[in-house]
Amino acid sequence: MPTQATPAASVGPAGAPAPADKRLKMLDATVKKHQARSDALIEVLHHAQELYGYLDADVLLYVSRTLRVPASRVYGVATFYNFFTLKPSGEHTCVVCLGTACYVKGAGQVLDALESAHAVRAGETTSDGRLSLVTARCLGACGLAPAVVFDGEVAGRVAVAAALERTRQWTDGHAR
Amino acid sequence: MPGETKPCRVAVCAAAGCLSSGAAQTRAVLEKGVADAGLQDRVEVFGTGCLGPCHAGPLVQVSGEDGRCLYAHVQEADAAAIVSEHLAGGRAVETLRVEGEEAFFAKQVKVVLDNSGETDPERIETCVARGAYEGLQKAISDMSPTDVIGEITKSGLRGRGGAGYPTGLKWSTVQKAKGARKFVICNADEGDPGAFMDRSVLEGDPHKVLEGMALAAYAVGAEQGYVYVRGEYPLAIARLRTAIRQAERAGFLGNHVLESAFSFRVDLRIGAGAFVCGEETALIASIEGLRGTPRPRPPYPATAGLFGQPTLINNVETYASVPAILRRGGAWYASIGTAKSKGTKVFALAGRINRTGLIEVPMGLTLREILFDIGGGIPEGRPFKAAQTGGPSGGCIPASHLDIPVDYESLASVGSIMGSGGLIVMDDTSCMVDVAKYFLDFCRSESCGKCVPCRAGTVQMHALLERITRGQGTLGDIGRLEDLCVLLRETSLCGLGQSAPNPVASTLRYFRDEYEAHITERRCVAGVCRFAAAEAAS
């Protein structure tokens, strides 16, 4: 990854993703707060993803330079943890919890139905970019099993039909 | 009004579960109703930690001189009824009360969760009024670090993360270890699917955890602490941040705690979604900003942990048990529980059970009492099949062992583990081969890949289970699975790989007939598994 990304990184100063962007200043503030220590890498990546929505090669290289951590290590960390994503996510996100309690109560069927209805696999985004379908290991909302998060809002005891209805509002709301 | 207690207290559950069923709106209606009825001098409405029976959320507890009353599924209209009938009229709204409230609470003993319904986790003064930081105060003014460790040892407290290592012994090892600096870490990377004890404790009573950490730091001689929290728990993170800020301002954390020579600073580290980071050496690597891969022990973190320095790592619930021990004495704590497992344990009840929720019971209560008396049994009168404890590292306990006492040794003797406290109930709609496959799928994708037995072994075991659930297995596959169980247990680098075979081993032990039915009869007793082509052809 690092070699391919180098040309793109030369767009802005010091590989800045977008010049005159407030977000970069905010990221710099986080780096400063941690005195640019290399052990703050995960904290900085968290903030970067919060600001940009995902971590592209430019952002990773920028972090690598400011923290003086080899790009290979930044990439290694960013790909090791499930929380970080290197691709932009869809307009809407639907997270199906696959924790044990949810699984025992039928979360698998909810996921299967969503996958086939929207022709997308878990962890991917529909080709029109409207919906990202994600799975979670456990939201800790086991009392509400099966739980599904629609755009950040946790819904409990979600039946297949209800999940399809919610997501179809997002995908069918626009002319094809 | 800080510190002042009004005669009637209305606690609205502010844990993540109830909030997602609309507890915030419920609270707003209650607050407005109380103000409109002019009751604010007598009635206090506040948010509190998990009230317990999560299936009945949003929960509202009204307590006053005439006792306590817990309301279930309180929607906005119900909240208005509570204001007019109970708060203004003085009559409990019987139709809204939680079903089986008495049975749910009768056998519970609250030590870690004793502030549920009593304090507002976002206001430190309500916690201090209930004794928060009293233990710390006592330790700093009257006790030496060795005295503190002595009290913990006397209490018999064992690690609540699952392994059950004696806490006093761990603390004294770190105290004796030599290093330029020492660290105290709270492992709040609650990764077991189906477990939400740590989330609830952090959301409901963060000060208890912080006080436990401060006591540990005082005992071992550390000045810096970290709480490593799962990124999936935004509310717990927010509450911890608030709690740390308030505790620093009140002088319980930071430089010169309570104007003594002892200083202790706590920082948060947010996990990024890796189950293996619950393993202590992987967690340390993650705090150092690296990939969360474990390393061989020894050296143990107690002698060479974070940044190579002596490091104490305990679980959330372990720290949360500490303040009460200091306040009330180790002997008091040791009087609860069994001979080898002292104190209480928090469990997250979930799955096919009538009353899902968060409970705290004395060690040694039987599984039957927990599931049927507290949990209210299985819905729709279905038969109980198995209880799964310890998540992907644990095992399934069948009906024949329902009467075992729940403590570290007894659970291990039937092939499961105490684990961190997730307790998932299954009935005849669950296929045990499918459940084993579910956990292996989990371990397969969460394996960090550093050591071969875990990386390759979990994949092979999953493939064998996949074959069996499709009706394509052979009887030889069972032997292969058993061999792999031994191999992974004996040769994996860390706890993840060593315990990954447990769900398979325990289901093979108690539900071997289900495996055989899949193979020889192509039949799934629960009707979960779909058998491929051959059957359609025949």
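Predicted model: local features only at pLDDT ≥ 70, side-chain atom pairs only at ≥ 80, totals over all residues.
**Entry 1: chain A by itself**

I began with the secondary structure, and I found eight helices and five strands in chain A. Reading along the sequence, I wrote down the order as α-α-α-α-α-β-α-α-β-β-β-β-α. I then looked up burial, and of the 176 residues of chain A, 40% count as buried. I also looked at the contacts in chain A with a separation of 6 or more, and I noted that 62% of them join residues 24 or more positions apart.

**Entry 2: where chain A touches chain B**

Next I turned to the two chains together, where 30 residues of chain A are in contact with 37 residues of chain B. Which elements of chain A give two or more residues to this side? I found helix H3 (41–52), helix H5 (71–80) and helix H6 (100–104) of chain A. The largest share, four residues, comes from H6(A). When I sorted the residues on this side of chain A by class, I counted 19 nonpolar, nine polar and two charged.

**Entry 3: Trp171(B)**

I then picked one residue of chain B, Trp171(B), which I located in helix H8 (residues 167–176). Is Trp171(B) buried or exposed? I noted 25 C-beta neighbours inside 10 Å of Trp171(B), and because the cut-off for a buried residue is 20 or more, Trp171(B) counts as buried. Leaving out residues up to four places away in sequence, I listed what Trp171(B) touches: Ile149(B), Ile152(B), Ala216(B), Ala219(B), Val220(B) and Leu312(B). I also checked Val148(B), which is 23 residues from Trp171(B) in sequence, while their C-alpha atoms are 9.7 Å apart in space.

Two packed helices are described by the angle between their axes and the distance between the axes.

I then listed who meets whom: from H10(B) come Lys208(B), Val209(B), Glu211(B), Gly212(B), Met213(B), Leu215(B) and Ala216(B), and from H13(B) come Val316(B), Tyr319(B), Ala320(B), Val322(B), Pro323(B) and Leu326(B). By class, this contact has ten nonpolar, one polar and two charged residues.

Conventions. Residues numbered from 1 in each chain as written. Chains lettered and ligands numbered in written order. Buried ≥ 20, exposed ≤ 12 C-beta atoms within 10 Å, placed from the backbone. Contact = placed C-beta atoms within 7 Å. Nonpolar A, V, L, I, M, F, W, Y, C, P; charged D, E, K, R; others polar.
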